[in-house]
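Subject: Structure for your review

Dear colleague,

Please find below the structure that I am handing over to you. My notes on it follow.

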Amino acid sequence: MFERVLSNNFLARSFTAAALIVALAISCIPVAYSNTNNAQTNASQSSGGSQQPSIDPNVERRDIREFDIDSENVEIGAFVGIITIEDFESDVVAGLRIAYHINENLFIEGSYAQATAGQTSFEVLSGGVPFLTDEQREYTYFDVSGGYNFNGELFITDSLVFNTDFYLTLGAGSTDFGGDERFTVSAGAGYRLLLTDYLSVRFDVRDHVFNSDIIGVEKSVHNLTFTLSTTFFF
Amino acid sequence: MRLIRNYTFGLILSILLSTFAIADELLVTVTQPFINVHTGPASEYPIFHVIAKGEQVTLLKSRTGWFKIQAPIAGNRTIEGWITEQSLSATALDDGTPLQASSGTFDDYQSRNWEVTLMGGVLDNITAMTATGTWVWSRNLSFDASYTQALGDFSDNKIWSVRMRNTIFPNWRFSPYLALGTGEIRTQPRANLVQSGDDVRLTPHYEIGIGVRYYWAKSVLVKAEYRALLALTDRDEQERLDQWIIGASVFF
């Protein structure tokens with residue numbers, strides 16, 4: 001369908017644009033660490049100069065130096081897992097996510113993922129009458145979530161210790177399925193195991209809720225994802 | 001199209017790579033009686049080591065206001081751990097210059113270059129989400145590129161706009177702002193209503209915005225805004241849309 005192609009392109013383009021904006025924003029972090037030293041106050045010498053004041057007004061500013069050091073607040077990664085699409089079986093889902101960590105607890109995260117929906121029980125029982133076209137079976141979603149980390153540690157042995165986070169997320173986005181795009185609310189929880197400072201493995205469970213009338217009646221559907229991700233901090 | 005996509009990908013990649021290139025390590029000396037070293041980059045992580053005045057540490061990297069350090073300990077060994085920003089200000093370079101990190105304070109807000117904003121709310125009773133990228137031109141003026149998605153029961157609405165925003169009191173933590181912009185509204189009826197014969201409709205629009213921003217904490221602003229969109233339709237009457245949104249920004 002023409003509309004379908006149009007909307008797909010549009011989503012792809014808008015995602016590219018969003019990624020570009022985020023990348024541009026990240027590239028500007030170092031700019032913020034600009035050097036502000038050598039800002040000596042060259043206050044004008046006391047005019048006239050006939051009398052030496054008892055207090056010297058030319059106080060030298062303390063020379064404080066800002067510096068460029070590798071800041072790792074951005075987390076980027078890929079995930080794969082299982083999505084249970086209400087009325088349409090369970091399927092493999094794969095996607096990308098990028099997060100910005102605001103402080104030690106809060107982060108903002110964007111995810112984009114794709115899956116291909118299976119058959120409804122009606123299709124199976126009726127002997128293969130297709131309910132959706134192949135194109136309409138393509139399931140894609142994006143969401144932007146806020147997350148809260150509960151920091152912790154995992155002790156494997158006395159000396160083998162990993163830093164971890166248990167986190168909760170809440171977000172909104174859209175789901176493109178069955179020829180329609182729907183506003184989608186998502187909520188979930190996960191566990192992040194930091195193998196090193198910059199490499200983590202995450203297990204994530206999320207519920208994606210939206211209103212759908214694909215099977216004829218309007219209802220709110222719950223699509224759960226169980227995913228495993230590898231992410232890098234940089 | 002493919003060429004453009006490849007180019008975009010290359011651009012993103014080169015930007016990402018360039019951020020790796022600035023990695024830098026610094027040797028600093030502790031100037032206060034002592035600093036605490038945590039096992040991880042958060043206050044909840046336990047303190048496992050203390051570095052005394054006069055000892056040297058190497059700064060390796062930072063994460064959300066925490067700095068990873070390496071320090072020598074007895075027996076020619078080294079430890080790695082995390083120190084706070086306050087601890088960092090208790091150190092100095094070899095020449096005695098104190099260190100200070102740029103950490104998203106209100107002063108840093110004044111010299112920011114970019115903002116990324118995410119907002120949610122309603123557009124004529126339809127749930128709407130808005131993402132905005134901002135380039136800060138002067139203390140008062142900034143330019144927004146904004147994208148809104150409002151998925152209703154009868155149609156999908158996507159709106160992009162560019163606008164100029166004037167923050168009226170940039171020196172106040174709490175300040176109102178005004179915005180003026182233009183863009184395009186793309187409306188597509190729902191798939192189950194396609195029989196109506198309608199197709200994707202593109203409508204140019206003008207918009208005005210009035211809102212408030214509040215500097216909340218470290219690098220984060222909170223914003224609430226009202227936008228009035230005037231759609232320049234082909235019909236005799238122009239259509240006005242009202243959008244109420246609330247959200248947060250991160251600045252760089």
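**Findings**

The centres of domain 1 and domain 2 of chain B, taken over C-alpha atoms, are 43 Å apart. Domain 1 covers 20-101 and domain 2 covers 109-251, the bounds coming from an automatic or database domain assignment.

This is a predicted model, in which local features need pLDDT of at least 70 and side-chain atom pairs count only at pLDDT 80 or more, while totals for chains, interfaces and linings use all residues. Residues are numbered from 1 along each chain as its sequence is written, chains are lettered from A and ligands numbered from 1 in the order in which they are written, and side-chain values use heavy atoms, with hydrogens and water left out.

**The two chains**

Chain A has four helices and eight strands, where helices (H or I, at least four residues) and strands (E, at least two) are DSSP runs numbered from the N terminus. Their order from the N terminus is α-α-β-β-β-α-α-β-β-β-β-β. Chain B contains three helices and 15 strands.

Of the 234 residues of chain A, 44% are buried; the term means under 20% relative accessible area, with exposed over 50% and partly exposed in between (1.4 Å probe, protein chains only). For chain B the buried share is 47% of 252 residues. The accessible surface is about 11700 Å² for chain A, 61% of it belonging to carbon and sulfur atoms, and about 12800 Å² for chain B, with 60% from those atoms. These areas come from the Shrake-Rupley method with a 1.4 Å probe; for residues, only the protein chains shown count as cover.

In soluble globular proteins, nonpolar side chains tend to be buried together.

Strand S8 of chain A gives the largest share, three residues. A:Leu168 lies in strand S5 of chain A and is partly exposed, at 40% relative accessible area.

**Salt bridges**

Over all chains there are 31 salt bridges, each a side-chain nitrogen of Lys or Arg within 4 Å of a carboxyl oxygen of Asp or Glu. One of them joins B:Lys158 to A:Glu181, with the closest N and O atoms 2.6 Å apart. This pair crosses between chains, from strand S11 of chain B to strand S6 of chain A. B:Lys158 is buried at 2% relative accessible area, and A:Glu181 is buried at 2%.

Within chain B, B:Arg227 and B:Glu225 form a salt bridge at 2.9 Å, N to O, and both residues are buried. B:Arg240 pairs with B:Asp242 at 3.0 Å; here B:Arg240 is exposed at 52%, whereas B:Asp242 is partly exposed at 22%. In chain A, a network of salt bridges links residues including A:Glu75, A:Arg97, A:Asp143 and A:Arg206.

Yours sincerely
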